[in-house]
Structures are given as C-alpha cells and as structure tokens.
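Visitor: Could you walk me through this structure, starting with the interface?
Guide: Gladly; here it is.

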Amino acid sequence: MKSKKIHAVFLLTFLNAVLFGSQQKTIKDDLAFPFVMTSPPQRIISLAPNITEILFDLDLGEKVVGVTRYCDFPEKALKKEKIGGMIDPNLEKIIALNPDLIIGFRGNPLRIIERLRGLHLPLFVLEMGTNLETVFIVIEKIGTITQKEEKAEILVESLKNRYSKTQTALRNVQHEPRVFLSIHGTGLWTCGKGSFLNDLVEKARGVNVAGNIPRKWLHYNREQLIHDNPEVIIILSKSETEFSKVKEWIKNEAHLKGIKAVETDRIYFLDENLATRPGPRLIDALEELARILHPQFFKEER
Amino acid sequence: MKTRTKKLRLLLVLLILLVVGLLISLLEGPVETNFNDLWNLIINNDSTFRTIFIDLRLSRALLAFLVGASLSLSGAILQGYFQNPMAGPFVVGVSSGASFGAVLCIYLGLNIRIIGFSVQSIFAFASGFAIVSLVYLLSQRKGVFKVETLLLTGIAAGALASALTSFMIFLKADSFEQAVFWLLGSFALSDWNQITAVVPYFFLCFIIAQWLAKDMNLLVLGDDVAQSLGCPVSSVRKIFLAISTFLAASSVSVSGIIGFVGLIVPHWIRILIGPDHRHLFLFSSLTGGIFLIYSDLLARTLLRGELPIGIITAVVGAPFFIYLLSQRK
C-alpha cells in the first residue's frame with residue numbers, strides 16, 4: 001500500500017518534470033540576479049510608469065495588480081492598486097498583493113531592491129540604459145519574463161519601423177540646431193551626457209547644449225546658457241498650461257532676452273510623460289521632437 | 001524610599017508604554033489589519049501575514065527600539081563623561097562621521113556584504129570611530145586632557161564630515177533618496193539582519209556601562225577626586241568613550257542620522273529620577289527606545305507615504321524638552 005503511494009508520487013513528479021520541467025528556466029536580470037521562470041505570471045507589480053505602459057502594450061493589463069502612484073497611462077492603469085512611488089514603494093502593500101512577478105528598474109533605490117529580495121519576492125530588475133535603443137531591449141526582456149515574446153517582438157518591430165522612418169526623413173539635415181532642454185518646470189534644470197533625453201535630442205538631429213557634461217541631470221548656469229545661445233528651447237511639462245507658465249518665465253527673464261530661441265520665439269512644448277519614460281511612447285517623443293527641430297522634412301505628412 | 005517607589009512607578013509606566021507601542025506598531029500600517037489577522041497568524045501561520053507582521057512591522061519596531069536605546073545610552077554616557085549637558089553623539093562628531101562613511105561607500109559604488117554586514121555599515125562604523133579617535137587624540141596636549149577642546153574639535157570635525165557628505169551627495173545626485181536616508185534617518189527598510197547586527201553591540205555596551213556606572217558617578221566629582229577615591233580614571237574614560245562611539249556608530253549604520261534622541265532623552269530622565277548613573281543608563285535606554293517606537297509610528301502613519309523620522313523626533317522632542325526644563329525650577 002505504502003509502496004504504491006510512493007510509486008504514485010514518483011510518477012507524478014516524473015510527469016511534472018516532463019510536462020512542466022521544460023518550461024522552468026532561469027534567466028538573469030540586469031543586476032545579474034537569477035530569476036526562475038515557471039508558468040506565465042498572473043499577478044504583476046510594476047515599479048515604474050514606463051514598465052506599466054509596456055505591460056499594457058503587451059496585453060498584460062489584466063494581469064497587472066499593482067502600479068506606482070505615477071503610473072497614469074493608459075487610463076486603465078489609474079484604476080490599479082497603488083503601491084507607492086518609484087523611490088518609496090511600500091513593502092506591506094506589495095506583499096499583500098501577493099505578486100508572482102515584480103518588475104523594477106535601476107531607478108528604484110538599491111536598498112529597496114535588496115529588501116524585496118530579502119523577503120524572497122519574485123523581482124526582476126531592468127537597466128533603462130542611456131539611449132533610445134535600450135527601450136527595444138527592455139520591451140523584449142519584459143516580453144521574455146512575462147512569456148509574451150511574440151507580442152513583444154511585434155511591438156518592437158513596429159517601434160523600430162517608426163524609428164527608422166524618422167531617421168530616413170532626417171537623412172538630409174544640414175544644420176543641427178543647438179537645443180536647450182528645460183526639465184522640472186522653473187529653474188534651468190537640464191540633462192547632460194548620461195541621460196537618454198540627450199540621446200533623444202541627438203536622434204532628432206539636434207545638439208544638446210549641455211550634452212558634453214558628464215552628468216545625467218544638472219542645474220545649468222545662466223551665464224553658460226547665454227554663451228551657448230541655443231536656437232531652440234524645449235520645455236518638458238505635464239500640460240500646456242504648465243508649459244506656458246515656464247515659457248512666460250523664460251521670456252520675462254531679462255538676462256535671457258538675447259538668446260536666439262527667445263528672440264525668434266522658438267520655444268516649444270514636449271509632453272514630459274512621453275519624453276521622460278523609456279517606454280513605447282518615447283518614439284512618439286522622438287517623432288514630435290524631430291518635427292519641432294526640422295519641420296521642413298515632415299511637410300508632406302501633415 | 002520615596003525615590004525608589006518613584007523609580008518603580010516610572011519603570012511600570014515605561015513597560016506599559018513599551019507593550020502598547022509594540023502592539024500598535026504591529027496592528028497599524030498601510031495594509032489594514034486587526035486582532036483577528038494577528039490571531040490568524042498565530043493559529044494558521046499564514047505566510048503573507050507572517051511577512052507583514054513579523055518581517056516588516058515587528059522588525060521595524062524592534063530596530064527603532066534598539067536604535068533609540070543605543071543613541072540615548074550613548075548620549076547619557078557622553079553627558080556624564082563631559083559633564084556637559086550639550087554633549088551627545090552628534091556633538092562629538094560620531095554620527096556625522098558614521099554617515100560620512102556610509103555615503104562614501106555609496107559614492108564609491110561599493111555594495112557587497114561581508115559576513116552578513118553590508119559594507120556601508122562597516123564603513124559607517126569605521127569612519128565614526130576614526131573621527132572620534134582623531135578628536136580624542138587632538139584634544140590631548142602633553143598628556144593633559146581638555147574637555148572643552150574635545151567638544152570644540154568634535155563640532156569642527158563633525159561639520160567637516162557633514163560638508164564632505166553633502167559634497168559627495170551633490171556629485172552623485174542620482175542617489176538622492178539615499179542622501180535623505182543618511183541625513184534624516186528612516187526605519188522603512190529595516191530587517192532582521194540589521195537587528196542581529198545591532199543587538200550584540202547594544203547589550204555588550206549596556207552591560208559595560210552598567211558595570212562602570214559607579215565610576216561614572218565618581219567622574220562627575222572631578223578626575224582628581226575620582227582618582228583619590230580609587231577609580232582608574234584614564235582607563236574608565238577610554239572605555240566610556242569607546243562604547244558611546246560604538247553605540248552611536250552602529251545606530252547610524254542601520255538607520256541613518258536620527259537627531260535629538262541622544263541629547264534629550266538622558267535629560268528627561270535626569271529631571272525625572274536624578275543624576276545617579278546606575279539608574280540613568282537603564283532608564284535612558286528604555287525611554288529612548290520607546291520614544292523612537294512611537295516616533296516611527298508617527299513617521300509611517302502621519303502621511304500617505306513615509307516621513308523621515310528625524311523630523312518627528314525633533315518636532316516632538318524639542319517642545320517637550322523645553323517644557324520639562326521650564327518645570328524644573
């Protein structure tokens with residue numbers, strides 16, 4: 001009787017190994033931490049807005065159970081349980097949601113990442129990189145761990161198509177305008193060499209005036225800005241109203257009156273949520289920025 | 001006799017506050033829980049609730065208690081040591097030194113563990129200790145030891161360490177949230193490893209302090225008098241300085257800088273039960289721990305997110321401290 005039971009257990013284990021064992025795969029996340037893949041995840045928590053956007057684009061919206069308080073796109077994401085912010089996710093809420101996959105990124109504090117691992121939660125951390133192409137890799141990786149490879153491939157393919165279309169349209173650009181990117185509303189916050197926003201400007205065939213400073217984010221010097229004399233100022237903001245406030249501020253700033261962009265009124269709005277999230281909509285931002293910097297090459301389309 | 005009952009009564013009150021504080025800490029949090037859930041945990045050992053109650057809330061409350069106790073004990077020792085009410089772990093430069101070490105570690109990108117301790121903690125510890133040793137050596141001139149010089153050198157060295165810390169944070173603005181942690185303190189990510197890292201130091205230091213409490217009482221009379229009464233002044237002083245540094249640096253290494261606790265708690269106790277160090281050490285540790293349990297409770301429930309606990313300790317501690325001072329005369 002007993003031995004029969006043991007046989008049955010053996011058989012089940014064997015069957016299990018044959019049927020499901022092949023699906024069990026271990027891959028490493030971008031911090032080189034092993035992640036064991038079993039069945040497709042059913043309860044996913046996203047620790048960043050761009051990750052949420054990618055998940056929804058991969059038709060995984062239904063499986064997302066928790067997002068950050070900044071995840072506002074697509075609209076359905078607003079209805080999901082909030083687990084806190086990117087730098088202050090709440091451990092209790094994450095645990096209570098009983099996730100089988102948590103996708104984080106290198107912008108989440110390492111201390112939090114370590115704590116989540118310490119609690120043996122199924123965490124996968126992604127590196128967002130410093131250039132636009134990383135978005136494709138990130139989407140593919142998310143596709144792999146959620147076992148939505150095909151969908152991810154289709155998405156990446158269409159994004160790559162749009163990307164090369166823009167590059168083709170810009171192939172005859174003669175003059176790359178000097179651009180100052182204003183982020184964080186008032187003040188002269190901008191991005192340096194190490195940020196993908198800098199790459200975005202370069203891919204849209206512009207020259208970021210702060211592009212040779214080896215820092216991601218920095219507060220720019222007014223004197224330096226006057227010296228650099230940018231031809232275009234791009235203001236990243238959440239809304240048109242916020243944009244006009246910042247624009248007014250720049251136009252009324254006496255010291256900045258002589259700057260070419262202010263003189264010629266080439267001060268433009270770029271949706272912050274498109275440009276600062278390395279997700280599928282970054283290509284929207286690229287197309288938008290390319291049109292702003294080189295309108296002459298996009299005439300036929302409109 | 002009268003002071004004895006007073007002490008017993010205070011002890012009883014503190015123990016009740018401790019138990020209540022721990023219980024509220026267990027039940028209160030972003031995920032709604034009640035007694036039934038706690039009961040379920042005990043009966044069914046539900047794994048989700050076990051993580052929330054034991055790994056998150058209990059570890060957090062216990063770490064807050066340990067850090068509060070360590071900082072207050074450190075402050076009580078330092079105030080007796082310098083016979084100066086201004087003394088505290090910050091004034092001597094330990095805390096700033098320790099946070100400098102931790103931030104240096106972030107700046108260098110070191111992020112490994114050595115036998116269970118994060119390198120950050122080891123760095124914090126080493127640099128806190130280095131600063132105090134330096135300050136101690138500088139304040140000794142030709143074998144004569146000057147308390148004023150030590151306090152002033154401590155303040156200067158602490159300021160230097162803080163400035164260097166801020167400079168590194170500025171250079172590496174990407175890890176800003178780490179800066180907030182090291183400069184204002186938090187228990188948000190406490191875990192059992194941190195508790196096991198702090199517990200042995202705390203109890204070891206506490207036992208030594210209690211052992212030498214009588215000598216501390218003699219030191220207050222002046223080094224010459226203490227020496228003539230049979231107290232080995234210079235070695236006692238060295239031991240006290242070492243353990244107070246140990247206590248402060250180990251606290252900072254797990255929770256960042258939490259201000260005001262080490263300074264005010266010993267004062268409260270001195271006002272309540274008098275200056276006898278044999279009782280002062282025990283009561284300061286207990287009260288400091290309880291104070292931080294409640295402060296942390298406020299820090300994590302007052303707003304939707306987390307507040308740095310340093311804000312709470314100052315806002316709650318300072319007015320109460322001023323009130324007690326005004327009642328004294």
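Guide: Between chain B and chain A about 2,000 Å² is buried, with carbon and sulfur atoms giving 58% of that area; buried area here is the accessible area (1.4 Å probe) that two parts lose on being put together, summed over both. This is a predicted model, in which local features need pLDDT of at least 70 and side-chain atom pairs count only at pLDDT 80 or more, while totals for chains, interfaces and linings use all residues. Residues are numbered from 1 along each chain as its sequence is written, chains are lettered from A and ligands numbered from 1 in the order in which they are written, and side-chain values use heavy atoms, with hydrogens and water left out.

Visitor: How many residues of chain B are in contact with chain A?
Guide: Taking contact as heavy atoms within 4.5 Å, 25 residues of chain B touch 18 residues of chain A.

Visitor: And which side chains meet in a salt bridge?
Guide: Those of Arg57(B) and Glu92(A), at 2.5 Å from N to O, and the count between the two chains is 1; the rule asks for a side-chain nitrogen of Lys or Arg within 4 Å of a carboxyl oxygen of Asp or Glu.

Visitor: Which elements of chain B give two or more residues to that side?
Guide: They are α3 (47-82), α6 (147-171) and α7 (176-184), and α3(B) gives the most, with 7 residues. Helices are DSSP runs (H or I, at least four residues), numbered from the N terminus. By class, the side of chain B that touches chain A has 10 nonpolar, 7 polar and 8 charged residues, where Ala, Val, Leu, Ile, Met, Phe, Trp, Tyr, Cys and Pro count as nonpolar, Asp, Glu, Lys and Arg as charged, and the others, Gly among them, as polar.

Visitor: Switching topic, how do α3(B) and α12(B) cross?
Guide: The axes of α3(B) and α12(B) (residues 261-273) come within 7 Å and cross at roughly 70 degrees, the axes being lines fitted to C-alpha atoms over the stretch in contact, with angles from 0 to 180 degrees between N-to-C directions. The two helices are therefore roughly perpendicular, a label for angles of 65 to 115 degrees. Among the residues making the contact are Gly68(B) and Leu71(B) of α3(B) and Val261(B) and Pro266(B) of α12(B).

Visitor: What about α5(A) and α6(A)?
Guide: The axes of α5(A) (residues 134-145) and α6(A) (residues 149-169) come within 8 Å and cross at roughly 170 degrees, and these helices are therefore roughly antiparallel, a label for angles over 145 degrees.

Terms used. Angles under 35 degrees count as roughly parallel, over 145 as roughly antiparallel, 65 to 115 as roughly perpendicular and the rest as oblique.
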